[in-house]
Amino acid sequence: MEDKIAIPQNGNQFDISALNLYYGNFHALKQIDMKIEKNKITALIGPSGCGKSTFLKTLNRMNDLVENVRIEGTIRMDGRDIYRDMDSIELRHRVGMVFQQPNPFPKSVYDNVAYGPRIHGIRRKHQLDEIVERSLRQAAIWDELKDRLHKSAMGLSGGQQQRLCIARTLAVEPDIILMDEPTSALDPISTSKIEDLALELKKNYTIIIVTHNMQQAVRVSDDTAFFLLGEVVEKGNTEKLFSLPSDSRTEDYITGRFG
Ligand SMILES: Nc1ncnc2c1ncn2[C@@H]1O[C@H](COP(=O)(O)OP(=O)(O)OP(=O)(O)O)[C@@H](O)[C@H]1O
Ligand SMILES: [Mg+2]
């Protein structure tokens, strides 16, 4: 595998239209239309239970695994309908995900990062060595871990585990990285490392990040979408949304009047 080359890209990574999602009778996502641009960071904000994680998981079809879920509408990725024109294995190869709680496998650092590439059939040691080093460097954790590659990942700090999980995601060279509150379990220093990392990664990746931290949304994102009760109230340029929201509900939320 070669390093990804930074080709300036424009246009929409995702084009979502008339998206509705039901958990049984519960209408969790309501008529969502949204475009998500390539090589940008899009933040999803909104009170607990408003559908941010649900929305994120429609983008890699993780909700398919939930019983009694019904999804209507279309989501196109680079023009292809991800529910009709693509199988979920290809989709999940291209769309990586990082969760709120760091979730390394109970294996060595090396085996965590090599896991995905091995599944994709890469066996040669020198090739895996290269991927592991490249991914750990991209995740800004190579220097900290290069002397403990064969030690268990469970012995790392939370912040190191989260960067390891990002490295594990990068190892299979996705195009898009979904992050669901990736720093909420971390201290301020680890948080700032992950934020710097996200800013660095957007040269090559499209990133969508759920956060409860308004300052974080302002620091890292280009665009922000405000969710409320399953609807997208407003989406647009982050600076604009935080300085001059067009909907009074957005204003109430970002100024801390509710949520
Ligand atoms: N598997 C499920 N089955 C039934 N209802 C669900 C399921 N997952 C989520 N929900 C419901 O859908 C709504 C949206 O949940 P979701 O997890 O997307 O919210 P969220 O915005 O990510 O909240 P938080 O900020 O607390 O993480 C909530 O009312 C939740 O209870
Ligand atoms: Mg959530």
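Figure 1. Thr238 is buried, at 3% relative accessibility. Buried means under 20% relative accessible area, exposed means over 50%, and partly exposed lies in between (1.4 Å probe, protein chains only). The model is predicted, so local features need pLDDT of at least 70 and side-chain atom pairs count only at pLDDT 80 or more, while totals for chains, interfaces and linings use all residues. Residues are numbered from 1 along each chain as its sequence is written, chains are lettered from A and ligands numbered from 1 in the order in which they are written, and side-chain values use heavy atoms, with hydrogens and water left out. Thr238 sits in helix 9 (residues 238-243). Helices (H or I, at least four residues) and strands (E, at least two) are DSSP runs, numbered from the N terminus. The Thr238 side chain makes a polar contact with the side chain of Thr224, at 2.8 Å. A polar contact is a pair of N or O atoms within 3.5 Å; within protein, one must be able to donate a hydrogen and the other to accept it, and residues adjacent in sequence count only if both atoms are side-chain atoms. Between Thr238 and Lys38 there are 200 residues in sequence and 16 Å in space, C-alpha to C-alpha.

**Figure 2. Residues around ligand 1.** The shell holds 13 residues; Ser48, Gly49, Lys52, Thr54 and His212 come nearest. A residue is near a molecule if one of its heavy atoms lies within 4 Å of it. By class, the shell has 5 nonpolar, 6 polar and 2 charged residues. Ala, Val, Leu, Ile, Met, Phe, Trp, Tyr, Cys and Pro count as nonpolar, Asp, Glu, Lys and Arg as charged, and the others, Gly among them, as polar. Helix 1 (residues 52-58) gives the most to this shell, with 3 residues.

**Figure 3. Polar side-chain atoms at ligand 1.** A polar side-chain atom of Ser48 lies 2.5 Å from a ligand oxygen. For Ser53, an N or O atom of the side chain is 2.8 Å from an oxygen atom of ligand 1. Tyr23 places a polar side-chain atom 3.4 Å from a nitrogen atom of the ligand. The protein covers 62% of the 630 Å² of accessible area that ligand 1 has on its own. Accessible areas come from the Shrake-Rupley method with a 1.4 Å probe; for residues, only the protein chains shown count as cover.

**Figure 4. Ser48 in its loop.** Ser48 lies in the loop between strand 3 (41-45) and helix 1. At 68% relative accessibility, Ser48 is exposed. Ser48 and Val210 are 162 residues apart in sequence, yet 11 Å apart in space, C-alpha to C-alpha.

**Figure 5. The largest pocket.** The largest pocket has about 570 Å³ of space. On a 1 Å grid over the protein atoms alone, a pocket is an open set of points with protein on both sides within 12 Å along at least five of seven lines; lining residues have an atom within 4 Å of a point. Grid points are joined across faces, edges and corners, and a volume is the space filled by probe spheres set on the points. The lining has 20 residues, and Arg92, Met97, Tyr115, Arg168 and Val172 lie nearest the pocket centre. At least two lining residues come from each of helix 2 (88-94), strand 6 (95-98), helix 3 (109-119) and helix 6 (158-170). The lining divides into 11 nonpolar, 7 polar and 2 charged residues.

**Figure 6. Two loop residues with positive phi.** Asp78 has a positive phi of about 50°, although it is not a glycine. Asp78 lies in the loop between strand 4 (69-77) and strand 5 (80-81). Asp78 is partly exposed, at 33% relative accessible area. Ala140 also is not a glycine, and its phi is positive, near 55°. Ala140 lies in the loop between helix 4 (125-138) and helix 5 (142-145). Ala140 is partly exposed, at 45% relative accessibility.

Notes:
On a 1 Å grid over the protein atoms alone, a cavity is a set of points where a 1.4 Å probe fits but cannot get out, and a pocket is an open set with protein on both sides within 12 Å along at least five of seven lines; lining residues have an atom within 4 Å of a point.
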